[in-house]
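Visitor: Hi, I have a structure open and I'm a bit lost. Can you walk me through it?

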Amino acid sequence: MSDEWFFAGKRAIVTGGASGIGRAVVTQLVRLGTKVWSLDVSEQDDGPSPLLVPATVDLMDGAATQAWLDDVAGAEPIDFVVNAAGVSPLRETMKRVVGIDFLALHRICHWAAPRLSPGGAIVNVASVAGIYEAHTEVAQTLITAADASLAADPAGTAGQVAFFDTARSTIDGPGIAYAYAKRAVILLTMRIAAEVAPRQVRANSTSPHAAATPMHYAIKRNEPEMYARAKMTSTFGGRWSSPDEQADVVVFLLGPRASYVSGVNLVVDGGWHAAMQTTNPELAQH
Ligand SMILES: NC(=O)c1ccc[n+]([C@@H]2O[C@H](COP(=O)([O-])OP(=O)(O)OC[C@H]3O[C@@H](n4cnc5c(N)ncnc54)[C@H](O)[C@@H]3O)[C@@H](O)[C@H]2O)c1
């Protein structure tokens with residue numbers, strides 16, 4: 001059954017909308033009749049559309065992101081926010097990983113939480129890398145530092161400097177930074193869910209594993225050993241998900257059939273985590 005009746009005429013911000021999971025979310029929402037501001041550092045040449053408004057913004061630039069939120073996105077009521085922008089930890093710096101995957105998302109959520117219309121929703125795309133309790137303490141440190149950075153300097157980048165100083169003194173390298181950043185996304189989303197519930201707004205996250213997007217192809221091409229360790233054999237039929245299979249879950253969480261779902265992190269991994277955890281020795285994968 002189509003949920004067009006619910007989505008038509010609504011308005012959404014989607015980050016990372018130029019590629020992969022974010023692009024699939026943009027396409028699905030536009031087809032359902034939602035007007036989408038698709039924010040990305042990459043240019044999006046989609047031609048004119050009344051429902052798709054591309055925006056070229058670098059999420060590493062806190063001042064530019066804040067200005068875009070206040071000046072452009074703030075001009076109309078917003079119903080949905082999907083944070084899908086991210087960078088893989090491979091060939092990236094620790095600063096860019098926590099800056100894009102967590103700090104920018106924190107800024108956007110902080111802006112959106114009090115503004116979203118009742119019935120609205122936030123979905124943050126985390127990762128299976130973020131589901132581990134062991135990363136909670138550092139993730140909480142990142143959340144506290146991000147809160148302080150925004151309180152000290154809501155519109156600019158000065159507060160970001162203090163955040164990155166904290167990240168540098170706490171995190172050792174981009175690989176583990178990705179896990180901490182995604183853990184922080186999951187925990188922050190739970191906190192926001194509690195904050196916005198009285199306003200009939202919901203907030204959830206998803207944790208994909210191995211979606212066939214440019215980010216994932218880069219791992220397969222450039223880091224074959226890491227790719228092998230990802231154990232694709234333990235997902236459905238040993239295959240990756242498509243970006244649409246991830247977007248389906250994001251749109252479900254935005255939509256009317258998830259109207260009583262909030263504060264949840266939905267793992268979308270084709271059974272990968274279950275196969276890692278199972279106590280059945282015949283099924284266990286290590
Ligand atoms: N693909 C996977 O296997 C996988 C697995 C787990 C989690 N994820 C997460 O899913 C999300 C989407 O990833 P994807 O696989 O679709 O990747 P992708 O590379 O296809 O898309 C990411 C998008 O984010 C944009 N982006 C990167 N830096 C930016 C910046 N500074 N400012 C604005 N936009 C920026 C990119 O330009 C790109 O369009 C990410 O948060 C990623 O961590 C993906």
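This is a predicted model: local features need pLDDT of at least 70, side-chain atom pairs count only at pLDDT 80 or more; totals for chains, interfaces and linings use all residues.

Guide: We'll take the sheet, then the helices, then the ligand.

Visitor: Fine. What order do the strands of the sheet have?

Guide: The order is β3-β2-β1-β4-β5-β6-β7. That is an open sheet of 7 strands, with parallel pairing.

Visitor: Remind me, what holds strands together in a sheet?

Guide: Strands pair through backbone hydrogen bonds, either parallel or antiparallel.

Visitor: Which are the edge strands here?

Guide: β3 (52-56) and β7 (265-268). Each of them pairs on one side only.

Visitor: And what does the twist average?

Guide: From one strand to the next, the twist averages 15°.

Visitor: Back to β7. How many bridges does it share with β6?

Guide: There are 4 bridges between β7 and β6, which covers residues 202-208. The two strands pair in the parallel sense.

Visitor: OK, helices now. Which strands does α4 lie across?

Guide: β1 (11-15), β4 (80-83) and β5 (121-125). Relative to β4, α4 runs at about 175°.

Visitor: Then at what angle do α3 and α4 cross?

Guide: At roughly 25°. Helix α3 is residues 62-71, helix α4 is residues 94-112, and their axes come within 11 Å. Angles under 35 degrees count as roughly parallel, so α3 is roughly parallel to α4.

Visitor: Is that crossing left-handed or right-handed?

Guide: Right-handed: that is how α3 passes α4. G62, T65, Q66 and L69 of α3 make the contact with A104, R107, I108 and W111 of α4. Those residues divide into 4 nonpolar, 3 polar and 1 charged.

Visitor: What about α4 and α5? What angle do they pack at?

Guide: About 55°, with the axes of α4 and α5 10 Å apart. That makes α4 oblique to α5. The crossing of α4 and α5 is right-handed.

Visitor: Which residues make that contact?

Guide: α4 brings V98, F102, L103, H106, R107 and H110, and α5 brings L142, A146 and L150. By class, the contact of α4 with α5 has 6 nonpolar, 2 polar and 1 charged residues.

Visitor: Does α5 sit parallel or perpendicular to α7?

Guide: Roughly perpendicular. Helix α5 (residues 136-152) and helix α7 (residues 174-196) pack at an angle of about 70°. Their axes are 8 Å apart.

Visitor: Who meets whom there?

Guide: On the α5 side, look at T136, V138, A139, Q140, L142 and I143. They meet Y180, R183, A184, L187 and L188 in α7. This contact of α5 with α7 has 8 nonpolar, 2 polar and 1 charged residues.

Visitor: Last topic, the ligand. How many residues surround it?

Guide: 28 residues surround the ligand. The closest are G16, S19, G20, G86 and T213.

Visitor: Which elements give two or more residues to that shell?

Guide: α2 (20-31), α4 and α8 (214-222).

Visitor: And how do the shell residues divide by class?

Guide: Into 15 nonpolar, 10 polar and 3 charged.

Methods. Residues are numbered from 1 along each chain as its sequence is written. Axes are lines fitted to C-alpha atoms, for helices over the stretch in contact, and angles run from 0 to 180 degrees between N-to-C directions. Angles under 35 degrees count as roughly parallel, over 145 as roughly antiparallel, 65 to 115 as roughly perpendicular and the rest as oblique. A crossing is left-handed if the near helix is turned anticlockwise from the far one by less than a right angle, and right-handed if clockwise. Two residues are in contact if their C-beta atoms, placed from the backbone, lie within 7 Å. Ala, Val, Leu, Ile, Met, Phe, Trp, Tyr, Cys and Pro count as nonpolar, Asp, Glu, Lys and Arg as charged, and the others, Gly among them, as polar. A residue is near a molecule or strand if its C-beta atom, placed from the backbone, lies within 6 Å of it. Two strands pair if DSSP finds at least two bridges between them.
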